[in-house]
Every structure is written in C-alpha cells, then in structure tokens.
Amino acid sequence: MKAKWWGGLAAVLTAAAAVVTLAQPAQAAAGFTVSGTRILDANGNAFLMRGVNHAHTWYASQTGKSLADIKALGANTVRVVLASGQRWTANAASDVANVIAQCKANRLICVLEVHDTTGYGEQSGAATLAQAVDYWISVKSALTGQESYVILNIGNEPYGNGTASTGWTADTKSAISRLRAAGFQHQIMVDAPNWGQDWQFIMRDNAASVFAADPNRNTVFSIHMYGVFDTAAEINDYLGRFQSAGLPIVVGEFGHNHSDGNPDEDTILATSQQLGIGYLGWSWSGNGGGVEYLDLVTNFDPAQLTSWGQRLFNGANGIKATAKEASVYGGVNPSPSSPSPSGPSPSAPPSPSPSNPQTGACTATYAVTNSWTGGFQGNVTVKAGGSAITAWTVTWTWPNGQRFTNTWNATVSTSGETVTARNASYNGRLAAGAETSWGFTASRGATNNNPAVTCAAA
C-alpha cells in the first residue's frame, strides 16, 4: 500500500460560542458498551452510527443551528471537534456541557474529540495523547453522568507518518488506563495513527492488545478513510480484519475526494452497511486550506447540499436510508435482522442451501454471504409458519469441519460438529409469516458445503 496521508484542515476561524439553555432528556441507567463487534446503547440495543463531523471549536456560533440541521437530514450521531489548548484555544467545561446539551436536545449521540493531537510527530505544536487525557480530566465535570449520550474520542489522528507513530500502541494504552483510573465510564474511541489512515497497520495489528488493556473492555477503534482507501480491496480487507478479530470499528472520518487520492466512498458506504459498521462523514461545513470540497453543505446552509452532501445524506447506503435513532431517545431501534458486525470483504454472492428438512412451525434458510481464504460469513433466516411463534431453535451438523469465529443475534452452542442456535431475547416472537435472521463468521477448509438445517418453534 502506498504511504498516503492527510494533514487535516488548514484554515481555522474563531467565533464566539452560542449559549443556549435546553431541556435534556432523562438520564438512562447505563452508557454505551461493546458486545463483540457491536456497539450497544444504554438500553442494550445495537447502535449503528450514521452521522457527520462538525468543527465546533472553530465555528462555535454555528453549532446550535448546525446540530438541528444535521438531525433534520436524518443523522443519529455527530462527532464534535474540541480543542485542548495546545494548538487552539481550549473549550471550557461549560462549553462542553453546552455542546452535550444541544446534542441531546436534537436527539443526537455526541462523539467528542480533541483535535490538537492531529499529526503528532509531524505537525508542529500538536498535542500528545497524554495532554489530551489531561484535557478530558479538566472537563470531567461536564462529562460525568452523560455516558448514555456521549462517546469519548481521546484524540484526533494522534500521530503522523514518521517513526514516532510506533509509539501509538503504548501511548493509547496509557491514555485509556489514565481515563479509567480517573473514573471515566464512557465508551472510549481511539483514532488510528498515520493521520488517521493506519497505512502502516499499527492500530490494526495491535488493536486486540489495546482493547484488552481497557479494564472496562469498552474501547472502539476509528479509522479515517481518505486517499489510502482508494480501492474496494483495501477498504474491505481493513474493515474485514477487525470484524474477523471480533473487535469494534467505525469509520470516524471519510470523504468523497482528497488531495492524497480519491477515496472509494461507494464501497465505504456499502461495506459499512453490509457489515454493520458505523460511519461519520467529514464534515458539515467550513473546510478550508484547499479541501473546501469536503463541505457537506455550503456556508452552513442545509438547503445548499454539495455533491458530497447529496451522496452522503441521500445516496445509496447513505444516512437517510440507513440511520436509526438511538433507543435512549425513544427512537426506532435497529432491527435485529439488520446487517450486523460480521466478516471480511464481500466476494461471493449469497448461496442459499438446498431444500432443508424442517420441523415445527418455522423454517430456516442458510446462506453464505461472503467468502475468503480460510473463512466465510453466513446468514440464517428464520421464518414463522402459518401461526405466530414465541421462540425458535435452529440446528445443523457441520459437513466439512467448519467452526464459528463469531455469531450475533442468536445464542449459539456447539458440540463437536453439532450446532444449536436459539433466539435472542428480542427476536424469538414472530408473527405468522414474519422472519428474522442471525449471522456468523466461521473458519473453513478447502470444502465448504452447506449443512442441512432444521428449525423448531414454540
């Protein structure tokens, strides 16, 4: 892979923060958590980020209206640029609290990030991850109690492309440990080095040990996709490796074009939807320094969507078509049968199993949806018969020694070659003729025949 990089925004404008007093929804009992490759909201429901970035620290006076406009266009999440004081004037705790209140008033999940860390080691004056942690601790009063609505993105693109980027792993582990020791219970998001694009694969290859270093096991990884990710193969391989490893990842920034190359935004959107991965487009408005084409709207006006804005909000696999409001706001929950975090790059069309023997009042259809050397992704659709059912059990015997590496939307057990999958708490009750699905990734050998599948219902 070519060593491409992106250096971030060059133009920085300063504006006074808008001070708005807004009613806040009731606090939910718990915050965001990680379950395998999935992000769960405070109610335990799967949450798929579909949103954009907003440069609050440079355009504070635009934030109130911008968040309302972003929500009106269908987003469920906004990633908010903050400053810690090394490169730009730090956002005070009162300002952070105001941003969170406005996110909540607009029923948006708020991902907060420190931007001063961008390109550390190459960018003059950039903050270290340790300095970013110092900042988070300094504004902790604004964050405590907001775990159901706020995800903490420690620092934006925390290393450039130099040899110093090899320090990402140790520094990220230390930052997570310090935040937990300081009492932060939020879900933590960590950005990749190499200006966020991880072309050296430092984050990819060390993600498991970083995740294990979090005593809460509640860390999400964020890749920024610009010129490095200009082919479908690169996108699918990178995201697929996280899915196969059972680790949560989001596309925290991406664009439709960039000076370091032309990102394949169609594949980013399609693969993210297929694999159940969140994405946040860069950025709402106000880009400068030659990357003005990354504005989603012109002059912060939602009536002036750019071509990039039209693609992200209204195009195939875009925000309007795929976003679901977080259930902590009472929104419609993602369907349990929606695409869930799963396996690597799509390469094989679905191959439904032959006519399967069935018992009871349900049927099950087994399909291979992705395939790669040594592994594959599968989906099982369960359909009720002529009467409603309250629970289901799917069984089969592996024909070629296949073995699960990850499963979702079902409780699965195995004994040798025998597989038994029972419904999850939320998808057992099906009306007559209704269906749900569950998925998995698995290892395979040279032969990968479909098993004969049986469904029994209660």
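Visitor: Which residues line the largest cavity, and what makes them lining residues?

Guide: In this predicted model, where local features need pLDDT of at least 70 and side-chain atom pairs count only at pLDDT 80 or more, while totals for chains, interfaces and linings use all residues, the lining consists of L129, I154, G155, P158, W168, T172, V190 and D191. They are called lining residues because each has an atom within 4 Å of a cavity point. Residues are numbered from 1 along each chain as its sequence is written, and side-chain values use heavy atoms, with hydrogens and water left out.

Visitor: Why is this space called a cavity, and how many of 30 Å³ or more are there?

Guide: A cavity is a set of points on a 1 Å grid over the protein atoms alone where a 1.4 Å probe fits but cannot get out. The whole structure holds 1 cavity of 30 Å³ or more, and the volume of the largest is about 40 Å³, a volume being the space filled by probe spheres set on the points. Two elements, α5 (168-181) and β7 (187-191), each give two or more residues to the lining of the largest cavity.

Visitor: What makes the lining of the largest cavity nonpolar, polar or charged, residue by residue?

Guide: It divides into 5 nonpolar, 2 polar and 1 charged; D191 is in the lining, and Asp counts as charged, whereas Gly counts as polar and Trp as nonpolar.

Visitor: Which residues touch the most other members of the largest nonpolar core?

Guide: L112, W136, L143, I154, F221 and I223 do, within a core of 96 residues. A nonpolar core is a set of buried (under 20% relative accessible area, 1.4 Å probe, protein chains only) Ala, Val, Leu, Ile, Met, Phe, Trp, Tyr and Cys residues joined through side-chain atoms within 4.5 Å. Beyond four places in sequence, W136 touches residues including L82, L112, L143 and F184, where contact means heavy atoms within 4.5 Å. Another core of 22 residues, among them Y366 and W396, lies apart from the largest one.

Visitor: Which residues of helix α1 are buried?

Guide: In α1 (residues 63-72), they are T63, S66, L67, D69, I70 and K71, and they pack against β3 (50-54), β4 (77-82), α2 (93-105), β12 (301-305) and α9 (307-314).

Note on methods
On a 1 Å grid over the protein atoms alone, a cavity is a set of points where a 1.4 Å probe fits but cannot get out, and a pocket is an open set with protein on both sides within 12 Å along at least five of seven lines; lining residues have an atom within 4 Å of a point. Helices (H or I, at least four residues) and strands (E, at least two) are DSSP runs, numbered from the N terminus. Buried means under 20% relative accessible area, exposed over 50%, partly exposed in between (1.4 Å probe, protein chains only).
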